[in-house]
Amino acid sequence: MSVHSHSHRSEKLDALAKVARKFAEPSEAIRYGGYVQSIAAGHYTVSGLSRHVRLGEFVVHRSQSGDHLGEVVKVDTDTVVVCPIEAGEPIGVNETVFSRGAFKVAPDQSWCGRTINAMGQPIDGGPELVPGAKRRSVVSQPPPSMSRQRVETPLRTGVRAIDIFSPICLGQRLGVFAGSGVGKSTLLSMIARASAFDRVVISLVGERGREVREFIEDTLGDNLAKSVVVVATSDESPMLRRLAPLTAMTVAEYFRDAGQNVLMIVDSVTRFAHAVREVGIASGEAPIARGYPASVFTELPKLLERAGPGGRDAGSITAIVSILVDGDNHNDPVADATRGILDGHIVLSRTLAEEGRYPPIDPLASISRLARKAWAGDEEKLVTRLKALIHRFEETRDLRLIGGYRPGTDADMDMAVKQVPVVYEVLRQGPDDPPAADAFDDLAHEMKKAAGLIQPGTPQSEPSKGRK
């Protein structure tokens, strides 16, 4: 092992030891202890704690190198199975392990503009975080169904393809489904610039380490001032990758309970599911669906149901989560389970990306279940008509390429050939382009220009005031 690698590992272990010391508050004094009985890859067993810990609680393993946190993932009559928070911790047989209870964080408004890890500790080189007045468990229940507000307020994301074909409302939960390298993270970064939110909480799960600073500095930019970023990179342990979205959701719930409208972004839920799978298999669970144990399909709704509107006088959490579909198969177990929980899905097409059309959103496959509450006036009729024209345009692509189309024989086909390319051009939008103030006004302006009703270069009229 190189000196640099050893130094880097020592710094991470020292940071976790510091977390353990901070976690050991006087109000949560050590009450029960046990001993390491056996050690395996990814977990170890402890005797003497079975009667004093619960599933999901944290323990502290004390060794010569310091204190190290772990989570209880299985409880037997005589032993408990613990997964260490940091992979590769030095663990020895008969070393002591103490109970610590549920892991909690204390979010505060001053956390905005900061980047933290899954343990709620700053990693941006800034000062220590100011703890809030109330400590919250990272595992909590969503508000009761009948006490929640209704989801009815439309919002503009600034992304024309979404605002026209799959508009969303405050408090909605939307999934972005795509294969690797199609542009999920880029689209999420465009949505993060939306002005409709008071706070933005972003959970980067399993991301490449080099992309974290790029996302924060280049993409968020000035929006970082109202954002909290929770990071667990791909080289970190499955425990931290599993914990990062839970910590981020807890921070978002704090802002929601304070009456603020929050945008919650998770990139990606699939890597969260992979982390849950690793932990589940380490605890002895049997895989039931293409290698995924049952705990994956239990944890997904527990996380996603916490988003949404709060109770009376509370704000809302609008969740935009990305789902990495393995091999572009949109029916893999995680994608299928997540689609049934969410309130809509945006499908990114690799074909459109290869054609250079960004964002590569497929308007025919993308659905928002609350679109009718977001469309105003005749917008729904317009979108329905546009979808029919796009479908006609795409299904006759081969016919047109071989010269089988003759203008004047089919009025709908003539309209599709004339208008769909204009629609596609309107939907083109890069991450460096400004957010669209009103996507329908942009569409109407380009349609009129293509029809010769206005001269090129004519400025657009002011956006309509009918929609937020």
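1. Strand β2 (residues 43–47) pairs with strand β5 (residues 79–84) in the antiparallel sense, over four bridges. Strands here are DSSP runs of E with at least two residues, helices are runs of H or I with at least four residues, and both are numbered from the N terminus. Two strands count as paired if DSSP finds at least two bridges between them. Within this pair, Val 46 stands opposite Val 80 in β5, and Thr 45 stands opposite Val 81 in β5.

2. A word on the source before going on. This is a predicted model, in which local features need pLDDT of at least 70 and side-chain atom pairs count only at pLDDT 80 or more, while totals for chains, interfaces and linings use all residues. Residues are numbered from 1 along each chain as its sequence is written, and side-chain values use heavy atoms, with hydrogens and water left out.

3. On its other pairing, β2 meets strand β1 (residues 33–40), again in the antiparallel sense, over five bridges. Here Ile 39 stands opposite Tyr 44 in β2. The two strands form a hairpin with two residues between them, and Gly 42 in the turn has a positive phi of about 90°. Four of the five residues of β2 are buried, so this strand is largely enclosed by the rest of the structure (buried is under 20% relative accessible area, exposed is over 50%, and partly exposed is in between, with a 1.4 Å probe and protein chains only).

4. Asn 94, in the loop between β5 and β6 (96–101), has a positive phi of about 75°; Asn 94 is exposed, with a relative accessible area of 55%. Asp 313 sits in the loop between β18 (308–309) and β19 (316–324). Its phi is near 70°, and Asp 313 is exposed at a relative accessible area of 71%.

5. There are also cis peptide bonds to check. One joins Asp 267 and Ser 268, with omega about 5°; Ser 268 lies in the loop between β15 (261–267) and α6 (269–282). Another joins Tyr 358 and Pro 359, with omega about -5°, and Pro 359 is found in the loop between α9 (350–354) and β21 (367–368).

6. Tyr 358 and Pro 359 turn up again in the lining of the largest cavity, along with residues including Leu 352, Arg 357 and Tyr 424. A cavity is a set of points on a 1 Å grid over the protein atoms alone where a 1.4 Å probe fits but cannot get out, and lining residues have an atom within 4 Å of a point. The count comes to one cavity of 30 Å³ or more, and about 60 Å³ of space lies in the largest cavity (volume is the space filled by probe spheres set on the points, which are joined across faces, edges and corners). Where does the largest cavity lie? Domain 2 (114–374) and domain 3 (378–451) both give residues to its lining, so it lies between them; the domain bounds come from an automatic or database domain assignment.

Technical notes. 1 Å grid on protein atoms, 1.4 Å probe; cavity = no way out; pocket = protein on both sides within 12 Å on 5 of 7 lines; lining within 4 Å.
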